[in-house]
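Please look through the sequence and the model below before reading on. The report that follows takes up a few of its features in turn.

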Amino acid sequence: MIEVKNLSKRYGNKLAVDNISFKADEGEILGFLGPNGAGKSTTMNMLTGYLSCSGGSALINGIDVLEDPLGAKKDIGYLPEQPPLYLDMTVNEYLNFVYDLKRCKMPKRSHLGEIKTLTHIDEVENRVIRNLSKGYKQRVGLAQALVGNPNTLILDEPTVGLDPKQIIEIRSLIKKLGRNHTVILSSHILPEVQAVCDRIVVIDKGKLIANDTTENLSRSLSADHKLTVQIEGGEKEVTELLKQIPEMEEVHVCREVEPRVFEYELNAREGADVRREVFKRMAARNLPILLMRGSELTLEEIFLKLTTGDFYGNPEKEKEDDK
Amino acid sequence: MIAITKREIASYFTSPLGYVFLAVFWGFSGLFLQIGCLRTGQSDMSVVFSMMFFIMMILIPILTMRTMADDKRQKTDQLTLTSPVSLFGIVAGKFLAAFAVFFSGVLITLVYALFLSEAVKDMGGEFAWAVFWGNFLGMLLMGGVFISIGIFISNLTENQMIAAIGSIGANIALCMFDVISTYIPNETAKNVINDLSVFYKYSEFTAGIFRLTNIIFFLSLIVIFNFLTMRTTERRRWS
(Lines give C-alpha, C1' and ligand atoms only; values in the text may rest on other atoms or scores of the structure.)
Protein backbone atom coordinates (compact mmCIF):
# COMPACT_ATOMS: atom_id res chain seq x y z
CA MET A 1 0.00 0.00 0.00
CA ILE A 2 1.23 3.45 -0.83
CA GLU A 3 -0.04 6.51 0.92
CA VAL A 4 1.00 9.99 -0.05
CA LYS A 5 0.02 12.84 2.21
CA ASN A 6 0.43 16.51 1.26
CA LEU A 7 3.68 15.76 -0.49
CA SER A 8 5.67 18.79 -1.74
CA LYS A 9 9.02 19.30 -3.34
CA ARG A 10 10.70 22.62 -3.78
CA TYR A 11 13.72 23.25 -5.97
CA GLY A 12 15.01 26.65 -4.96
CA ASN A 13 11.90 28.77 -5.33
CA LYS A 14 10.26 26.53 -7.90
CA LEU A 15 7.57 24.28 -6.54
CA ALA A 16 7.96 21.03 -8.49
CA VAL A 17 5.36 19.07 -6.55
CA ASP A 18 2.67 21.01 -4.76
CA ASN A 19 0.85 19.41 -1.87
CA ILE A 20 -0.41 16.24 -3.50
CA SER A 21 -2.15 13.37 -1.70
CA PHE A 22 -3.31 10.03 -3.00
CA LYS A 23 -3.47 6.41 -2.03
CA ALA A 24 -2.88 3.14 -3.81
CA ASP A 25 -4.17 -0.02 -2.21
CA GLU A 26 -2.78 -3.50 -2.37
CA GLY A 27 -3.71 -5.17 -5.64
CA GLU A 28 -4.33 -1.88 -7.38
CA ILE A 29 -2.62 -0.43 -10.41
CA LEU A 30 -2.46 3.31 -10.24
CA GLY A 31 -1.78 5.27 -13.40
CA PHE A 32 0.24 8.39 -13.00
CA LEU A 33 -0.44 10.81 -15.75
CA GLY A 34 0.80 14.24 -16.62
CA PRO A 35 2.54 16.26 -19.31
CA ASN A 36 6.30 16.58 -19.39
CA GLY A 37 7.70 18.35 -16.38
CA ALA A 38 4.52 17.88 -14.37
CA GLY A 39 6.41 16.37 -11.45
CA LYS A 40 5.74 12.69 -12.10
CA SER A 41 9.33 11.53 -11.84
CA THR A 42 10.00 13.83 -8.90
CA THR A 43 7.07 12.30 -7.04
CA MET A 44 8.27 8.81 -7.83
CA ASN A 45 11.78 9.69 -6.71
CA MET A 46 10.37 10.91 -3.43
CA LEU A 47 8.30 7.75 -2.95
CA THR A 48 11.40 5.63 -3.35
CA GLY A 49 13.54 7.78 -1.10
CA TYR A 50 15.90 8.91 -3.85
CA LEU A 51 14.90 12.50 -3.20
CA SER A 52 13.70 13.90 0.04
CA CYS A 53 10.44 15.80 0.23
CA SER A 54 10.14 19.43 1.29
CA GLY A 55 6.85 18.76 3.02
CA GLY A 56 4.32 16.04 3.71
CA SER A 57 5.05 12.36 3.87
CA ALA A 58 5.08 9.20 1.81
CA LEU A 59 4.22 5.90 3.44
CA ILE A 60 5.00 2.50 1.98
CA ASN A 61 3.00 -0.19 3.77
CA GLY A 62 2.60 2.25 6.64
CA ILE A 63 6.34 2.95 6.93
CA ASP A 64 7.44 6.53 6.40
CA VAL A 65 10.16 6.69 3.74
CA LEU A 66 11.93 9.51 5.54
CA GLU A 67 11.74 8.06 9.04
CA ASP A 68 12.71 4.49 8.28
CA PRO A 69 14.22 4.56 4.78
CA LEU A 70 15.78 1.11 4.95
CA GLY A 71 12.57 -0.49 6.14
CA ALA A 72 10.47 1.22 3.49
CA LYS A 73 12.90 0.58 0.65
CA LYS A 74 12.87 -3.14 1.34
CA ASP A 75 9.35 -3.35 -0.07
CA ILE A 76 9.90 -1.24 -3.17
CA GLY A 77 10.91 -2.25 -6.64
CA TYR A 78 11.74 0.85 -8.65
CA LEU A 79 12.24 1.29 -12.35
CA PRO A 80 13.33 4.91 -12.90
CA GLU A 81 12.87 6.79 -16.14
CA GLN A 82 16.32 5.75 -17.27
CA PRO A 83 16.91 2.16 -16.16
CA PRO A 84 19.82 2.16 -13.67
CA LEU A 85 22.02 -0.32 -15.50
CA TYR A 86 25.71 -0.92 -15.09
CA LEU A 87 26.66 -1.09 -18.73
CA ASP A 88 29.87 -3.03 -18.16
CA MET A 89 28.14 -6.02 -16.56
CA THR A 90 26.35 -8.95 -18.13
CA VAL A 91 22.66 -9.35 -17.43
CA ASN A 92 23.34 -12.23 -15.04
CA GLU A 93 26.07 -10.38 -13.17
CA TYR A 94 23.85 -7.36 -12.88
CA LEU A 95 20.84 -9.25 -11.53
CA ASN A 96 23.07 -11.10 -9.08
CA PHE A 97 24.42 -7.78 -7.90
CA VAL A 98 20.92 -6.39 -7.41
CA TYR A 99 19.97 -9.55 -5.56
CA ASP A 100 22.89 -9.11 -3.16
CA LEU A 101 22.26 -5.39 -2.86
CA LYS A 102 18.66 -5.93 -1.82
CA ARG A 103 19.71 -8.67 0.58
CA CYS A 104 17.13 -11.11 -0.69
CA LYS A 105 16.68 -14.36 1.10
CA MET A 106 15.03 -16.48 -1.59
CA PRO A 107 16.81 -19.24 -3.48
CA LYS A 108 18.90 -17.10 -5.80
CA ARG A 109 19.08 -19.21 -8.92
CA SER A 110 15.40 -20.10 -9.22
CA HIS A 111 14.22 -16.63 -8.21
CA LEU A 112 16.36 -14.85 -10.78
CA GLY A 113 15.48 -17.53 -13.35
CA GLU A 114 11.79 -16.85 -12.80
CA ILE A 115 12.26 -13.13 -13.27
CA LYS A 116 14.28 -13.61 -16.43
CA THR A 117 11.56 -15.81 -17.89
CA LEU A 118 8.86 -13.37 -16.85
CA THR A 119 10.56 -10.43 -18.55
CA HIS A 120 11.80 -12.51 -21.51
CA ILE A 121 15.48 -11.81 -21.11
CA ASP A 122 16.64 -15.43 -20.88
CA GLU A 123 18.23 -15.32 -24.27
CA VAL A 124 20.47 -12.36 -23.44
CA GLU A 125 21.45 -13.38 -19.91
CA ASN A 126 25.14 -13.70 -20.71
CA ARG A 127 25.46 -10.60 -22.82
CA VAL A 128 27.01 -7.35 -21.69
CA ILE A 129 24.29 -4.81 -21.04
CA ARG A 130 26.05 -2.12 -23.07
CA ASN A 131 25.44 -4.14 -26.24
CA LEU A 132 21.73 -4.70 -25.70
CA SER A 133 19.03 -2.86 -27.60
CA LYS A 134 16.89 -0.28 -25.86
CA GLY A 135 14.00 -2.69 -25.49
CA TYR A 136 16.14 -5.29 -23.79
CA LYS A 137 17.71 -2.68 -21.55
CA GLN A 138 14.26 -1.57 -20.52
CA ARG A 139 13.29 -5.14 -19.71
CA VAL A 140 16.47 -5.73 -17.71
CA GLY A 141 15.51 -2.57 -15.80
CA LEU A 142 12.08 -4.02 -15.13
CA ALA A 143 13.65 -7.33 -14.08
CA GLN A 144 15.81 -5.42 -11.63
CA ALA A 145 12.71 -3.90 -10.04
CA LEU A 146 11.20 -7.36 -9.57
CA VAL A 147 14.21 -8.83 -7.78
CA GLY A 148 13.31 -9.77 -4.24
CA ASN A 149 9.62 -9.80 -5.09
CA PRO A 150 8.81 -6.46 -3.43
CA ASN A 151 5.10 -5.89 -2.91
CA THR A 152 5.23 -2.31 -4.15
CA LEU A 153 6.30 -1.57 -7.69
CA ILE A 154 7.00 1.93 -8.91
CA LEU A 155 7.50 2.03 -12.65
CA ASP A 156 8.40 5.21 -14.47
CA GLU A 157 7.33 4.77 -18.07
CA PRO A 158 8.01 1.04 -18.23
CA THR A 159 7.19 0.51 -21.90
CA VAL A 160 9.35 3.22 -23.42
CA GLY A 161 11.50 1.89 -26.23
CA LEU A 162 9.71 -1.42 -26.62
CA ASP A 163 8.22 -2.68 -29.86
CA PRO A 164 4.43 -3.14 -30.04
CA LYS A 165 4.58 -6.87 -29.29
CA GLN A 166 6.79 -6.33 -26.27
CA ILE A 167 4.56 -3.52 -25.08
CA ILE A 168 1.60 -5.87 -25.02
CA GLU A 169 3.67 -8.48 -23.18
CA ILE A 170 4.89 -6.04 -20.57
CA ARG A 171 1.41 -4.62 -20.11
CA SER A 172 -0.05 -8.03 -19.45
CA LEU A 173 2.84 -8.74 -17.12
CA ILE A 174 2.12 -5.55 -15.19
CA LYS A 175 -1.56 -6.45 -15.07
CA LYS A 176 -0.66 -9.85 -13.70
CA LEU A 177 1.66 -8.32 -11.12
CA GLY A 178 -1.06 -5.85 -10.17
CA ARG A 179 -3.17 -8.64 -8.69
CA ASN A 180 -0.93 -9.13 -5.68
CA HIS A 181 1.26 -6.03 -5.77
CA THR A 182 0.68 -2.35 -5.40
CA VAL A 183 1.75 -0.79 -8.67
CA ILE A 184 2.25 2.83 -9.59
CA LEU A 185 2.92 3.39 -13.23
CA SER A 186 3.60 6.60 -15.02
CA SER A 187 3.10 6.96 -18.70
CA HIS A 188 2.66 9.35 -21.58
CA ILE A 189 0.86 6.70 -23.55
CA LEU A 190 -2.73 7.21 -22.56
CA PRO A 191 -4.28 4.06 -24.05
CA GLU A 192 -1.74 2.17 -21.98
CA VAL A 193 -2.99 3.73 -18.79
CA GLN A 194 -6.54 3.11 -19.92
CA ALA A 195 -5.77 -0.54 -20.63
CA VAL A 196 -3.73 -1.33 -17.56
CA CYS A 197 -4.73 0.91 -14.69
CA ASP A 198 -7.63 0.72 -12.28
CA ARG A 199 -7.29 4.27 -11.17
CA ILE A 200 -5.72 7.39 -12.56
CA VAL A 201 -4.00 10.27 -10.88
CA VAL A 202 -3.44 13.25 -13.12
CA ILE A 203 -0.95 15.89 -12.13
CA ASP A 204 -0.02 19.05 -13.90
CA LYS A 205 2.55 21.63 -12.88
CA GLY A 206 3.02 19.81 -9.62
CA LYS A 207 -0.65 19.93 -8.67
CA LEU A 208 -2.99 17.01 -8.44
CA ILE A 209 -5.93 17.73 -10.72
CA ALA A 210 -7.76 14.42 -10.84
CA ASN A 211 -7.80 11.19 -8.91
CA ASP A 212 -10.50 8.74 -9.92
CA THR A 213 -11.23 5.49 -11.73
CA THR A 214 -10.92 5.58 -15.49
CA GLU A 215 -14.69 5.18 -16.02
CA ASN A 216 -15.63 7.81 -13.51
CA LEU A 217 -13.29 10.33 -15.01
CA SER A 218 -14.69 9.70 -18.43
CA ARG A 219 -18.29 9.89 -17.22
CA SER A 220 -17.99 13.01 -15.11
CA LEU A 221 -16.33 14.88 -17.91
CA SER A 222 -18.68 13.84 -20.68
CA ALA A 223 -21.87 14.75 -18.84
CA ASP A 224 -22.44 17.79 -21.02
CA HIS A 225 -24.23 15.83 -23.76
CA LYS A 226 -22.41 16.96 -26.75
CA LEU A 227 -22.87 15.41 -30.15
CA THR A 228 -20.73 15.73 -33.18
CA VAL A 229 -22.53 15.21 -36.51
CA GLN A 230 -21.67 15.48 -40.17
CA ILE A 231 -24.61 16.22 -42.42
CA GLU A 232 -24.76 16.71 -46.14
CA GLY A 233 -26.78 19.73 -47.18
CA GLY A 234 -26.92 23.49 -46.99
CA GLU A 235 -25.28 24.86 -43.91
CA LYS A 236 -28.02 27.35 -43.12
CA GLU A 237 -30.86 24.94 -43.70
CA VAL A 238 -29.38 22.27 -41.47
CA THR A 239 -28.56 24.73 -38.70
CA GLU A 240 -32.09 26.05 -38.81
CA LEU A 241 -33.55 22.55 -38.58
CA LEU A 242 -31.28 21.52 -35.73
CA LYS A 243 -32.14 24.64 -33.76
CA GLN A 244 -35.83 23.76 -33.98
CA ILE A 245 -35.29 20.71 -31.78
CA PRO A 246 -36.74 21.75 -28.40
CA GLU A 247 -33.92 20.43 -26.17
CA MET A 248 -31.20 21.91 -28.36
CA GLU A 249 -29.27 24.70 -26.73
CA GLU A 250 -26.45 25.34 -29.09
CA VAL A 251 -25.55 24.49 -32.66
CA HIS A 252 -22.10 25.23 -33.83
CA VAL A 253 -20.80 24.78 -37.34
CA CYS A 254 -17.23 23.54 -37.24
CA ARG A 255 -15.97 23.09 -40.77
CA GLU A 256 -16.75 21.81 -44.20
CA VAL A 257 -15.38 18.28 -44.34
CA GLU A 258 -16.36 17.46 -47.91
CA PRO A 259 -18.08 19.57 -50.53
CA ARG A 260 -21.52 20.39 -49.08
CA VAL A 261 -20.86 18.27 -45.98
CA PHE A 262 -20.52 20.21 -42.78
CA GLU A 263 -19.57 19.16 -39.31
CA TYR A 264 -21.68 20.46 -36.44
CA GLU A 265 -21.24 20.37 -32.74
CA LEU A 266 -24.52 20.05 -30.93
CA ASN A 267 -25.03 20.91 -27.31
CA ALA A 268 -28.33 19.72 -25.90
CA ARG A 269 -29.85 20.36 -22.51
CA GLU A 270 -28.26 18.22 -19.82
CA GLY A 271 -29.81 14.78 -19.58
CA ALA A 272 -31.54 15.03 -22.94
CA ASP A 273 -30.88 12.53 -25.68
CA VAL A 274 -31.45 14.20 -29.05
CA ARG A 275 -29.92 11.58 -31.35
CA ARG A 276 -33.24 10.15 -32.58
CA GLU A 277 -34.77 13.55 -33.02
CA VAL A 278 -31.84 14.70 -35.12
CA PHE A 279 -32.14 11.61 -37.30
CA LYS A 280 -35.91 12.00 -37.82
CA ARG A 281 -35.72 15.64 -38.74
CA MET A 282 -32.88 15.17 -41.16
CA ALA A 283 -34.52 12.13 -42.74
CA ALA A 284 -37.75 14.04 -43.27
CA ARG A 285 -35.87 16.60 -45.35
CA ASN A 286 -33.76 13.93 -47.07
CA LEU A 287 -30.52 15.26 -45.58
CA PRO A 288 -28.14 12.33 -45.08
CA ILE A 289 -26.29 12.08 -41.77
CA LEU A 290 -22.83 10.84 -42.56
CA LEU A 291 -21.49 10.68 -39.03
CA MET A 292 -22.82 10.96 -35.54
CA ARG A 293 -20.61 10.66 -32.52
CA GLY A 294 -21.30 11.07 -28.84
CA SER A 295 -18.92 12.97 -26.67
CA GLU A 296 -17.82 9.96 -24.63
CA LEU A 297 -14.37 11.29 -24.05
CA THR A 298 -11.30 9.24 -24.70
CA LEU A 299 -8.63 9.44 -22.12
CA GLU A 300 -6.65 11.60 -24.46
CA GLU A 301 -9.39 14.19 -24.47
CA ILE A 302 -9.83 13.98 -20.72
CA PHE A 303 -6.16 14.48 -20.31
CA LEU A 304 -6.06 17.50 -22.57
CA LYS A 305 -9.13 18.95 -20.95
CA LEU A 306 -7.70 18.55 -17.48
CA THR A 307 -4.24 19.77 -18.19
CA THR A 308 -5.18 22.73 -20.29
CA GLY A 309 -7.62 23.91 -17.65
CA ASP A 310 -10.66 23.80 -19.92
CA PHE A 311 -12.47 21.51 -17.59
CA TYR A 312 -12.60 23.87 -14.68
CA GLY A 313 -12.63 26.92 -16.87
CA ASN A 314 -10.02 28.37 -14.59
CA PRO A 315 -9.01 31.75 -16.01
CA GLU A 316 -5.96 32.02 -13.78
CA LYS A 317 -4.64 28.80 -15.18
CA GLU A 318 -5.12 29.98 -18.71
CA LYS A 319 -3.20 33.10 -17.92
CA GLU A 320 -0.38 30.97 -16.60
CA ASP A 321 -0.43 28.98 -19.81
CA ASP A 322 -0.10 32.13 -21.83
CA LYS A 323 3.03 33.01 -19.94
CA MET B 1 28.11 -2.86 1.37
CA ILE B 2 29.81 -6.14 0.42
CA ALA B 3 27.71 -6.32 -2.75
CA ILE B 4 28.86 -2.83 -3.74
CA THR B 5 32.51 -3.58 -2.95
CA LYS B 6 32.38 -6.76 -5.01
CA ARG B 7 30.78 -5.01 -7.95
CA GLU B 8 33.22 -2.11 -7.85
CA ILE B 9 36.26 -4.36 -7.75
CA ALA B 10 34.89 -6.37 -10.65
CA SER B 11 34.27 -3.18 -12.61
CA TYR B 12 37.88 -2.07 -12.12
CA PHE B 13 38.93 -5.19 -13.94
CA THR B 14 36.28 -5.33 -16.65
CA SER B 15 37.61 -1.98 -17.84
CA PRO B 16 41.30 -1.29 -18.45
CA LEU B 17 41.37 1.01 -15.42
CA GLY B 18 42.47 -1.56 -12.83
CA TYR B 19 45.12 -3.03 -15.09
CA VAL B 20 46.51 0.34 -16.04
CA PHE B 21 46.62 1.39 -12.42
CA LEU B 22 48.50 -1.73 -11.34
CA ALA B 23 50.83 -1.65 -14.32
CA VAL B 24 51.82 1.97 -13.72
CA PHE B 25 52.06 1.49 -9.98
CA TRP B 26 54.24 -1.59 -10.28
CA GLY B 27 56.26 -0.13 -13.11
CA PHE B 28 57.20 3.01 -11.22
CA SER B 29 57.85 1.25 -7.93
CA GLY B 30 60.16 -1.13 -9.81
CA LEU B 31 61.92 1.79 -11.40
CA PHE B 32 62.41 3.49 -8.04
CA LEU B 33 63.65 0.22 -6.55
CA GLN B 34 66.21 0.04 -9.32
CA ILE B 35 67.31 3.63 -8.83
CA GLY B 36 67.10 3.79 -5.05
CA CYS B 37 68.20 0.36 -3.92
CA LEU B 38 69.63 -1.95 -6.53
CA ARG B 39 71.90 0.59 -8.20
CA THR B 40 73.19 2.10 -4.99
CA GLY B 41 73.38 -1.20 -3.15
CA GLN B 42 71.09 0.01 -0.36
CA SER B 43 68.64 -2.23 1.41
CA ASP B 44 66.59 0.61 2.86
CA MET B 45 63.49 1.02 0.70
CA SER B 46 62.49 4.41 2.10
CA VAL B 47 63.51 6.11 -1.15
CA VAL B 48 61.03 3.96 -3.04
CA PHE B 49 58.24 4.87 -0.67
CA SER B 50 58.92 8.58 -0.64
CA MET B 51 59.16 8.72 -4.44
CA MET B 52 55.93 6.77 -4.77
CA PHE B 53 54.14 9.57 -2.94
CA PHE B 54 54.13 11.65 -6.11
CA ILE B 55 53.01 8.74 -8.26
CA MET B 56 50.13 8.02 -5.89
CA MET B 57 49.17 11.66 -5.91
CA ILE B 58 48.47 11.49 -9.64
CA LEU B 59 47.54 7.83 -10.06
CA ILE B 60 44.96 7.43 -7.31
CA PRO B 61 42.65 10.15 -8.69
CA ILE B 62 42.55 8.10 -11.89
CA LEU B 63 41.45 5.12 -9.84
CA THR B 64 38.72 7.01 -8.01
CA MET B 65 37.51 9.38 -10.73
CA ARG B 66 34.53 7.28 -11.74
CA THR B 67 33.42 5.94 -8.37
CA MET B 68 30.64 8.45 -7.80
CA ALA B 69 30.67 10.49 -11.02
CA ASP B 70 29.83 7.56 -13.26
CA ASP B 71 27.04 6.42 -10.97
CA LYS B 72 25.43 9.80 -11.31
CA ARG B 73 25.92 10.02 -15.06
CA GLN B 74 24.47 6.56 -15.70
CA LYS B 75 21.78 7.16 -13.07
CA THR B 76 22.78 3.94 -11.35
CA ASP B 77 22.76 5.89 -8.11
CA GLN B 78 18.99 5.63 -8.40
CA LEU B 79 19.43 1.92 -7.86
CA THR B 80 21.88 2.08 -4.97
CA LEU B 81 20.15 4.95 -3.20
CA THR B 82 16.72 3.34 -3.44
CA SER B 83 17.96 -0.06 -2.27
CA PRO B 84 17.87 -1.01 1.38
CA VAL B 85 21.52 0.00 1.82
CA SER B 86 22.64 2.84 4.04
CA LEU B 87 24.58 5.75 2.62
CA PHE B 88 27.48 4.66 4.80
CA GLY B 89 27.34 1.23 3.16
CA ILE B 90 27.51 2.78 -0.31
CA VAL B 91 30.43 5.10 0.42
CA ALA B 92 32.31 2.54 2.49
CA GLY B 93 31.76 -0.07 -0.21
CA LYS B 94 33.28 2.15 -2.86
CA PHE B 95 36.14 3.16 -0.62
CA LEU B 96 36.99 -0.44 0.23
CA ALA B 97 36.91 -1.47 -3.43
CA ALA B 98 39.33 1.28 -4.48
CA PHE B 99 41.44 0.53 -1.44
CA ALA B 100 41.58 -3.17 -2.31
CA VAL B 101 42.90 -2.40 -5.79
CA PHE B 102 45.40 0.06 -4.33
CA PHE B 103 46.39 -2.49 -1.70
CA SER B 104 47.17 -5.10 -4.32
CA GLY B 105 49.41 -2.48 -5.90
CA VAL B 106 51.22 -1.82 -2.62
CA LEU B 107 51.74 -5.55 -2.04
CA ILE B 108 54.47 -5.50 -4.68
CA THR B 109 56.69 -3.67 -2.18
CA LEU B 110 56.41 -6.72 0.05
CA VAL B 111 57.84 -8.80 -2.78
CA TYR B 112 60.70 -6.31 -3.15
CA ALA B 113 61.34 -6.43 0.59
CA LEU B 114 61.46 -10.23 0.68
CA PHE B 115 63.84 -10.16 -2.23
CA LEU B 116 66.09 -7.56 -0.61
CA SER B 117 66.07 -9.28 2.77
CA GLU B 118 67.31 -12.46 1.14
CA ALA B 119 70.04 -10.53 -0.63
CA VAL B 120 71.05 -8.80 2.60
CA LYS B 121 71.09 -12.10 4.45
CA ASP B 122 73.44 -13.50 1.83
CA MET B 123 75.83 -10.68 2.54
CA GLY B 124 75.58 -11.32 6.24
CA GLY B 125 73.51 -8.27 7.12
CA GLU B 126 70.06 -7.83 8.57
CA PHE B 127 67.11 -6.34 6.72
CA ALA B 128 65.40 -3.58 8.72
CA TRP B 129 61.87 -5.00 8.73
CA ALA B 130 60.61 -2.47 11.27
CA VAL B 131 61.44 0.40 8.93
CA PHE B 132 59.81 -1.42 6.07
CA TRP B 133 56.56 -2.04 7.95
CA GLY B 134 56.49 1.60 9.01
CA ASN B 135 56.82 2.63 5.39
CA PHE B 136 54.26 0.07 4.30
CA LEU B 137 51.71 1.31 6.82
CA GLY B 138 52.46 4.91 5.88
CA MET B 139 51.81 4.19 2.24
CA LEU B 140 48.54 2.45 2.95
CA LEU B 141 47.35 5.36 5.09
CA MET B 142 48.47 7.92 2.54
CA GLY B 143 46.71 6.01 -0.22
CA GLY B 144 43.60 5.84 1.92
CA VAL B 145 43.61 9.62 2.28
CA PHE B 146 44.05 10.12 -1.47
CA ILE B 147 41.26 7.63 -2.18
CA SER B 148 38.82 9.32 0.18
CA ILE B 149 39.64 12.71 -1.34
CA GLY B 150 39.22 11.25 -4.82
CA ILE B 151 35.83 9.76 -3.99
CA PHE B 152 34.72 13.01 -2.39
CA ILE B 153 35.61 15.05 -5.48
CA SER B 154 34.15 12.42 -7.78
CA ASN B 155 30.92 12.90 -5.87
CA LEU B 156 30.84 16.60 -6.75
CA THR B 157 30.65 16.12 -10.50
CA GLU B 158 29.21 13.87 -13.18
CA ASN B 159 32.30 14.15 -15.32
CA GLN B 160 35.12 11.70 -14.72
CA MET B 161 37.76 13.96 -16.23
CA ILE B 162 36.82 16.83 -13.97
CA ALA B 163 36.86 14.46 -11.01
CA ALA B 164 40.35 13.25 -11.89
CA ILE B 165 41.81 16.69 -12.50
CA GLY B 166 40.08 18.11 -9.46
CA SER B 167 41.44 15.39 -7.22
CA ILE B 168 44.96 15.76 -8.57
CA GLY B 169 44.67 19.48 -7.89
CA ALA B 170 43.43 18.85 -4.37
CA ASN B 171 46.25 16.41 -3.70
CA ILE B 172 48.83 18.87 -4.93
CA ALA B 173 47.27 21.56 -2.76
CA LEU B 174 47.64 19.26 0.24
CA CYS B 175 51.38 19.07 -0.39
CA MET B 176 51.63 22.81 -0.90
CA PHE B 177 51.21 23.26 2.85
CA ASP B 178 54.88 22.39 3.10
CA VAL B 179 55.97 24.93 0.56
CA ILE B 180 53.86 27.62 2.19
CA SER B 181 55.32 26.94 5.61
CA THR B 182 58.86 27.71 4.46
CA TYR B 183 57.78 31.25 3.60
CA ILE B 184 56.27 31.95 6.98
CA PRO B 185 58.52 33.76 9.43
CA ASN B 186 56.32 33.21 12.47
CA GLU B 187 57.50 30.07 14.23
CA THR B 188 54.11 29.12 15.73
CA ALA B 189 52.22 29.55 12.48
CA LYS B 190 54.89 27.57 10.74
CA ASN B 191 54.45 24.72 13.20
CA VAL B 192 50.68 24.70 12.80
CA ILE B 193 50.96 24.50 9.03
CA ASN B 194 53.63 21.85 9.25
CA ASP B 195 51.37 19.87 11.52
CA LEU B 196 48.67 19.94 8.88
CA SER B 197 51.03 18.94 6.11
CA VAL B 198 50.31 15.51 4.71
CA PHE B 199 53.63 15.23 2.94
CA TYR B 200 55.53 16.13 6.11
CA LYS B 201 53.74 13.42 8.04
CA TYR B 202 54.31 10.92 5.27
CA SER B 203 58.02 11.71 5.15
CA GLU B 204 58.18 10.96 8.87
CA PHE B 205 56.99 7.47 8.03
CA THR B 206 59.58 7.11 5.30
CA ALA B 207 62.26 8.44 7.63
CA GLY B 208 61.49 5.56 9.93
CA ILE B 209 59.74 7.65 12.58
CA PHE B 210 56.68 5.89 13.84
CA ARG B 211 54.21 8.13 15.63
CA LEU B 212 50.74 7.28 16.80
CA THR B 213 49.60 10.88 16.22
CA ASN B 214 50.51 10.55 12.55
CA ILE B 215 48.44 7.40 12.18
CA ILE B 216 45.50 9.07 13.87
CA PHE B 217 45.96 12.12 11.65
CA PHE B 218 45.72 10.05 8.47
CA LEU B 219 42.84 7.98 9.77
CA SER B 220 40.90 11.12 10.68
CA LEU B 221 41.46 12.54 7.20
CA ILE B 222 40.04 9.35 5.71
CA VAL B 223 37.03 9.50 8.00
CA ILE B 224 36.46 13.21 7.36
CA PHE B 225 36.50 12.94 3.57
CA ASN B 226 34.28 9.86 3.53
CA PHE B 227 31.93 11.67 5.86
CA LEU B 228 31.91 14.68 3.52
CA THR B 229 31.06 12.36 0.63
CA MET B 230 28.06 11.12 2.58
CA ARG B 231 27.00 14.64 3.48
CA THR B 232 27.20 15.95 -0.09
CA THR B 233 25.15 13.00 -1.32
CA GLU B 234 22.61 13.64 1.37
CA ARG B 235 22.56 17.34 0.56
CA ARG B 236 21.78 16.61 -3.07
CA ARG B 237 18.74 14.65 -1.96
CA TRP B 238 17.51 17.60 0.01
CA SER B 239 18.24 20.35 -2.47
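Which residues have the most contacts inside the largest nonpolar core? They are Tyr94(A), Val183(A), Leu185(A), Val202(A), Ala98(B) and Met142(B), in a core of 125 residues. The largest share of this core, twelve residues, comes from helix α7 (residues 129-154) of chain B. Apart from it lies another core, of ten residues, one of which is Met282(A). A nonpolar core here is a set of buried Ala, Val, Leu, Ile, Met, Phe, Trp, Tyr and Cys residues joined through C-beta atoms within 7 Å, and a residue is buried if 20 or more other C-beta atoms lie within 10 Å of its own, with C-beta atoms placed from the backbone.

This is a predicted model, in which local features need pLDDT of at least 70 and side-chain atom pairs count only at pLDDT 80 or more, while totals for chains, interfaces and linings use all residues. Residues are numbered from 1 along each chain as its sequence is written, and chains are lettered from A and ligands numbered from 1 in the order in which they are written.

Where the chains meet, 23 residues of chain A are in contact with 18 residues of chain B (contact: C-beta atoms, placed from the backbone, within 7 Å). On the side of chain A that touches chain B, α3(A) gives the most, with three residues. The table gives the classes of that side.

| Class | Residues of chain A |
|---|---|
| nonpolar (Ala, Val, Leu, Ile, Met, Phe, Trp, Tyr, Cys, Pro) | twelve residues |
| polar (the others, Gly among them) | five residues |

Note on methods:
Buried ≥ 20, exposed ≤ 12 C-beta atoms within 10 Å, placed from the backbone. Helix = DSSP H or I, 4+ residues; strand = E, 2+ residues; numbered from the N terminus. Contact = placed C-beta atoms within 7 Å.
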